[in-house]
Structures are given as C-alpha cells and as structure tokens.
Amino acid sequence: MRESLALEFWDRSRNLDIDNKEYANYVNKIINETLQEDVSYGDVTTNSLINKNKNIKAVIIAKQDGIIAGIDEISSILKNKKIKFNKNKKDGDKIKNNGAILEIYGNARKILSYERTLLNILQRMSGIATMTYNTKKLIKNNCFISGTRKTLFNLIDKKAISVGGGLTHRLNLSDSMLIKDNHLKLLNDNIEKALILAAKKAKYTEIEVKNEKEALEAAETILILGSNNLFAIMFDNMKASIIKNTIKKINNRLNNYNKKIKNKRIVLFEASGNINEKNILEYSKTGVDVISLGFLTHSVKAFDMSLDIKA
C-alpha cells in the first residue's frame, strides 16, 4: 500500500517516454539547440579533410561497466537526421567495458559533425543511470530513492534517474505542492495555514520540516484536515536518528487516530539534505518512503564511452 502511494506521489516516469509528444519535443529542442551551437557554421576540420560522399560505419563503445541510458533519445535524433543505426543495447541494460552500445551507418561528415552531441547525451544519461543504480543497491530496497530539481537537462536527467531505478520526484513546479521553508517564512512559519491553503488546491501536498516540532505540528494538521488528498512530510537536513524517532511518534498518533475512523489516514515520509553514499543506508532504515538525492544529477560523472570508426 505505501509503496504504491509513494510511486503515485513521487514518480512521473510515465511522462518521460519518447513516444510522449511533450517529452519528445523537449528532447528534440535540447539536442537541436546543442547541434546548432556546435555545427551552425559547419565542421571546418571534417569538411576540409573528408570527402563529402564517403560513407562509414561507427560504433559507440563503453569504456567502463555500468547502466546505459539515452538510447531512445539519440535514436529519435538519428531518425530525424535520416542516419541509419543498429541498437546493441536498450535503456536500462547493463554493459561491460569495451561493450558495443550503438552502431551508426552513413555519411562520414554528418556522423562526425554529430558525434560530440550524441556522446554528450549518452554519457550524461548513462552516468546518472549508473549512479542511481549503484546508490539504490546500497540501501537494499529499504525505501525508494529519487532525484531533485537540481538538474542540468531537467526532463532528460529525470528520465535517466528512472532508467537507473529511481523515482523522478516533481518534473516541474506545477506537478504537486511542495511547501518549503521560504514559503513558510512568508506565512510567518504558520504550518497549519500553509497546509490548509495547499489542500484546497492540490491532490498531492508535501511540506518541508527542519525539526521534530514542525513535523509533529504538520502531522496533527493533516489529521485535522481530514482531506482525501495525499500528504507527505519531508525531513530536511535532519539527523537519521531524529527522523526515525519522529516517524515513530507520528505513526503512533496515526494508529490511534485510525482506530476511530473508517477511512484510514496515511502520511508519507521523505528524507533530504546532506545524504550521501556513506550515510544513506542509515537514513533508509528510518522509516522514510523515499530519499531524495541531489548528487544523482548535480555532480554526477559522465559515463566513459567513445565513438570509433570501423570502416
């Protein structure tokens, strides 16, 4: 029950399919802008050295072990540019060092001009997917992990997280309510008022708290509201031990409350802030449903790969 609600609350991966027109348009826009920056005045080196009629085969090769992501995105571009290709891997596949990811066939000038853009997308997305996959293994399915909005290529980065086994969290500011510290400051730190206002506007409402007192106040307000909406409490920059103790208190209050009513209330929990590969296991055991991690996207290392000419 909690797992399905957590997916409903924090995952929008269904919107990030290349067959989804809105997502496809976003991908095309990002990649075409990148190509325009790179080749708007032509590729002076390739055009000077390579015969315009020369056709080649090129292979994108992995230079490390990991998880591949971005195949759908660059396949879409290759199709649009009328470049033939053969996929050796699909999104989410594991690959070993020296494994072939994609074979490309066509005009040498065109392929070499697009090389860097194609690799940048694959390297970025595969790096994020690999980081997500490896981080998820650390917590042994104790809870979900998700990204944040600390991204370089918003939807593309979120798609890569999904490919690696993580949840997307919000795709944009209209996705769901997330009441943060600055919102509360502008409401004189009135948690009750903030939640009441939010519940009138959104099906999904999450509130960020920075200590046990705020968390318990938020939980009490959610119970008082009696709304059919789904609520979550985000523990921001709090120690794992404090989060665990606070969740225990909230769940005890919820259990006592639910004994008296027909429609049981559920509050979801998220941990965020200063969580890394060294302490994530401890946080995963606190009782939270999801841990959001900025490092999956804001400082991830690009996946090592290259485009090699074969013929």
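Biologist: Which residues form one aromatic cluster with Phe9?

Modeller: This is a predicted model. A search of the whole structure finds three aromatic pairs. The cluster that includes Phe9 is made up of Phe9 together with Trp10 and Tyr204.

Biologist: Why is the pair of Phe9 and Tyr204 edge-to-face?

Modeller: The ring centres of Phe9 and Tyr204 are 5.6 Å apart. Planes over 60 degrees apart count as edge-to-face. The pair is edge-to-face because the planes of Phe9 and Tyr204 stand at 80°.

Biologist: How many residues apart are Phe9 and Tyr204?

Modeller: Phe9 belongs to helix 1 (residues 2-10), and Tyr204 to strand 8 (residues 204-209).

Biologist: Is Tyr204 buried or exposed?

Modeller: Buried means under 20% relative accessible area. Phe9 has 2% relative accessibility and so counts as buried. Tyr204 has a relative accessible area of 15%, so Tyr204 too is buried.

Biologist: Which residue has its charged end over the ring of Tyr204?

Modeller: A charge sits over a ring only if it is within 6 Å of the ring centre. Here the charged end lies 5.5 Å from the centre of the Tyr204 ring. The residue is Arg12.

Biologist: How far apart in space are Phe235 and Glu214, C-alpha to C-alpha?

Modeller: Phe235 is in strand 9 (residues 230-236), and its 0% relative accessibility makes it buried. Beyond four places away in sequence, Phe235 touches residues including Val209, Ala215 and Phe269. Phe235 and Glu214 are 21 residues apart in sequence, and their distance in space is 9.6 Å.

Definitions and conventions
Residues numbered from 1 in each chain as written. Predicted model: local features only at pLDDT ≥ 70, side-chain atom pairs only at ≥ 80, totals over all residues. Heavy atoms only, no water. Phe/Tyr/Trp six-rings, centres within 6.5 Å; stacked < 30°, edge-to-face > 60°. Helix = DSSP H or I, 4+ residues; strand = E, 2+ residues; numbered from the N terminus. Buried < 20%, exposed > 50% of the residue type's maximum accessible area, 1.4 Å probe, protein only. Lys NZ or Arg CZ within 6 Å of the ring centre and 35° of its normal. Contact = heavy atoms within 4.5 Å.
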